[in-house]
Amino acid sequence: MVKNNEGEFGKYIVQQLTDPNYCSSDEQKANYAKFAKRLLYMDTTVVPGAFQMNTAWYHSPTMKNQSEHSHDFPEMVGFYGSDPENPYDLGAEIEFTIEGESHILTKSSLIYMPAGVRHLFKAILKIDKPVFHFSVGVNPEYTTETAPAGG
């Protein structure tokens, strides 16, 4: 028996953060750290053959100055409250848009984004307790395209 990421197949176990290519500059890291603590990240540049997944704890309000974007692959996004006695209470208000429609999330949520659908994690409007966030893109690396309204 081996521990953690040792052994023949330990190469498939990530236990240390490798920053994603899209967030590698010191300025990008500092901006992200204002509202979140990235835990682990994986894509094919970290583990050859893997698809993309990001995990983080959100801890502070933020407003993102970005436009909706889309991907040429499906994506799953999750926001989970951190109270084990009330796990469906997000403990926050998060604004998420889908094709221009704004949703204020106050409950733990899983969001499926089909390929080509415009969306945006727009803001953490209020946060009382840390929120666990993840995103999974069924693609070797995370890529986006700013998509004009209507497609």
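This note sets out numbered points on a predicted model of a single chain.

1. Confidence. The mean pLDDT of the chain is 91, and 93% of its residues reach 70 or more. Residues 147–151 stand apart from that summary, with pLDDT below 50. In the model this stretch has eight contacts beyond near neighbours in sequence, and these should be read together with the pLDDT of the stretch, which is below 50.

2. The nonpolar core. The largest nonpolar core comprises 20 residues, and Tyr58, Phe79, Ile94, Phe96, Phe121 and Val131 have the most contacts inside it. At least two core residues come from each of strand E2 (52–58), strand E5 (75–81), strand E6 (89–98), strand E8 (109–113) and E9. The greatest contribution is that of E6, which gives four residues. Phe121 illustrates the packing: beyond residues up to four places away in sequence, Phe121 touches Phe35, Tyr58, Lys64, Phe79, Ile94, Glu95 and Phe96. Among these partners, Lys64 and Glu95 are also touched by Phe121, alongside Tyr58, Phe79, Ile94 and Phe96, which are listed with Phe121 among the residues with the most contacts inside the core.

3. His119. This residue belongs to strand E9, which spans residues 119–127. Its relative accessibility is 3%, so His119 counts as buried. A polar contact of 2.9 Å joins the side chain of His119 to the side chain of Glu75. Beyond neighbours within four places in sequence, the contacts of His119 are Glu68, His69, Ser70, His71, Glu75, Phe96, Thr97, Ile98 and Met113. Three other entries in that list deserve attention when the site is inspected, namely the histidines His69 and His71 and the acidic residue Glu68.

4. Salt bridge of Lys29 and Asp19. The count of salt bridges comes to five. One of them pairs Lys29 with Asp19, the closest N and O atoms being 3.2 Å apart. Lys29 is in helix H1 (residues 26–33) and Asp19 in the segment before H1, so that the pair, 10 residues apart, links distant parts of the chain. Both partners are partly exposed: Lys29 has a relative accessible area of 33%, and Asp19 one of 27%.

5. Salt bridge of Asp83 and Lys129. These side chains meet at 3.1 Å, N to O. The partners are 46 residues apart, with Asp83 in the loop between E5 and E6 and Lys129 in the loop between E9 and strand E10 (131–137). With a relative accessibility of 36%, Lys129 counts as partly exposed.

6. A salt bridge of 2.9 Å, N to O, joins the side chains of Arg118 and Glu99. Arg118 occupies the loop between E8 and E9, whereas Glu99 is in the loop between E6 and strand E7 (101–107), 19 residues apart. Arg118 counts as buried because its relative accessibility is 8%, while Glu99 is partly exposed, with a relative accessible area of 35%. Shared partners join Glu68, Glu99 and Arg118 into one network of salt bridges. Glu68 is also in contact with His119.

7. Backbone points to check. Glu99 has a positive phi, near 50°, in a residue other than glycine. Asn4 likewise is not a glycine and has a positive phi of about 50°. Asn4 is found in the segment before H1 and, at 52% relative accessibility, counts as exposed.

8. Glu85. Is this residue buried or exposed? Its relative accessibility is 71%, so Glu85 counts as exposed. Glu85 is placed in the loop between E5 and E6. Its C-alpha atom is separated by 32 Å from that of Asn31, 54 residues away along the chain.

Terms used. Residues are numbered from 1 along each chain as its sequence is written. This is a predicted model: local features need pLDDT of at least 70, side-chain atom pairs count only at pLDDT 80 or more; totals for chains, interfaces and linings use all residues. Side-chain values use heavy atoms; hydrogens and water are left out. Buried means under 20% relative accessible area, exposed over 50%, partly exposed in between (1.4 Å probe, protein chains only). A polar contact is a pair of N or O atoms within 3.5 Å; within protein, one must be able to donate a hydrogen and the other to accept it, and residues adjacent in sequence count only if both atoms are side-chain atoms. Contact means heavy atoms within 4.5 Å. A nonpolar core is a set of buried Ala, Val, Leu, Ile, Met, Phe, Trp, Tyr and Cys residues joined through side-chain atoms within 4.5 Å. pLDDT is the predictor's confidence in each residue, from 0 to 100. A salt bridge is a side-chain nitrogen of Lys or Arg within 4 Å of a carboxyl oxygen of Asp or Glu.
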